[in-house]
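Student: I have a model open and would like to learn how to read its features. Where do we start?

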Amino acid sequence: MAWFKKTRRPMASQTAEKPSRVPEGLWVKCPDCSQPVYKPDLESNLSVCPKCAHHFRMSATARLASLFDGGRYTEHCTNLRSNDPLEFSDTKPYRDRLEKAIEATGMNDSVVVASGTLDGIDVVIAAMEYAFIGGSMGVVAGEKLTRAVELALERRHPVIIVSCSGGARMMEGALSLMQMAKVCAALARLDRARLPYISILTDPTTGGVTASFAMLGDLNIAEPKALIGFAGPRVIEQTIRQKLPEGFQRSEFLAEHGMLDLVVDRRDLKATVARSLRFMGAELVPERAPVRTARALTPSSS
Ligand SMILES: [Zn+2]
């Protein structure tokens, strides 16, 4: 028997009953400067805090819209879906997890492949969606990234991959690890065809994605303060038994230590990518390339 017993119902707090006059989700609190930010302001500012320039995470579709001219692009390979090759189950079946993610994001997997123009330059961009099982790379993601590179090869366009991923997808085991080699092999073909590849690393880019294509760009550009690494800091600390330095695995630290080429504010990203592509000679119109070869084959004396 309890010593103290509440005979009356506890007083309900007034705030809980009174409905808020501010519509739900109109303001967000910036995790960096703790200031309230008006959501439409945030969206018009490419999800960058107007007060402290904290970069909020961006969806794959918003990312593509921010990079392509006028937000217009053509999406490719939309019908690919994982068929749960290992029939994996942890706390719940992978099949259910997939279905839930497809329903929540309206996408079939964690990569969106699109083509269009970026500042007048024809490009193929693949963007990763973190909301889809942590942006993890399974068989479908690997296949889509490979097809993106192959599409670029066929059209002789540069490739841009925007990474935002926790790494390889555990639920597809070794099959997801094989995607690292597969995407890298496709990128090697792109390199041999002398076409540029720019890798954009956003918060977070970790695991198998960092360990493969995300670090292979002709230019590796990261967004400010993005978490980029292979294993997490705790695992590293336990392995090397040393305290890790301040800012370890953040973009600025990595750029300082030669792991990245540039750290660019999201609002300058499109201009930086366009400038870099021009520098790499990306404005070569596809029609011109065969003409040049034909001329080179014709003897100049005739
Ligand atoms: Zn802020």
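**The metal site**

Tutor: The site of the zinc ion is tetrahedral, with angles of 106 to 116 degrees among its 4 donor atoms. Four donors count as tetrahedral if all angles lie between 85 and 135 degrees. Donors are N, O and S atoms within 2.8 Å of the metal (3.2 Å for Na, K and Ca), and water is not among the atoms, so sites may look incomplete. This is a predicted model, in which local features need pLDDT of at least 70 and side-chain atom pairs count only at pLDDT 80 or more, while totals for chains, interfaces and linings use all residues. Residues are numbered from 1 along each chain as its sequence is written, and side-chain values use heavy atoms, leaving out hydrogens and water.

Student: Which residues coordinate the zinc ion?

Tutor: Cys30, Cys33, Cys49 and Cys52 do, each through SG, at 2.3 Å. Along the chain these donors have the spacing C-x2-C-x15-C-x2-C. Cys33 sits in the loop between strand S1 (27-29) and strand S2 (36-38), and Cys52 in the loop between helix H2 (39-44) and helix H3 (60-67), 19 residues apart. Helices (H or I, at least four residues) and strands (E, at least two) are DSSP runs, numbered from the N terminus.

Student: Is Cys52 buried, exposed or partly exposed?

Tutor: Buried means under 20% relative accessible area, exposed over 50%, and partly exposed in between (1.4 Å probe, protein chains only). Cys52, at 28%, is partly exposed, and Cys33 is partly exposed at 24%.

Student: What is the order of strands in the open sheet?

Tutor: Two strands pair if DSSP finds at least two bridges between them. Here 7 strands run in the order S3-S4-S5-S6-S7-S8-S9, with mixed pairing. S3 (74-76) and S9 (262-263) are at the edges with a single partner strand each, so one side of each has no neighbour in the sheet. S7 pairs with S8 (residues 219-222) in the parallel sense over 4 bridges, and Ile200 stands opposite Ile221 in S8.

Student: Which residues have the most contacts inside the largest nonpolar core?

Tutor: In soluble globular proteins, nonpolar side chains tend to be buried together. A nonpolar core is a set of buried Ala, Val, Leu, Ile, Met, Phe, Trp, Tyr and Cys residues joined through side-chain atoms within 4.5 Å. The largest has 31 residues, and Leu145, Leu190 and Phe213 have the most contacts inside it. Helix H5 (139-155) is one of the elements that each supply at least two residues, and H5 gives the most, with 6.

Methods
Tetrahedral: all angles 85-135°; square planar, octahedral: opposite > 155°, others 65-115°.
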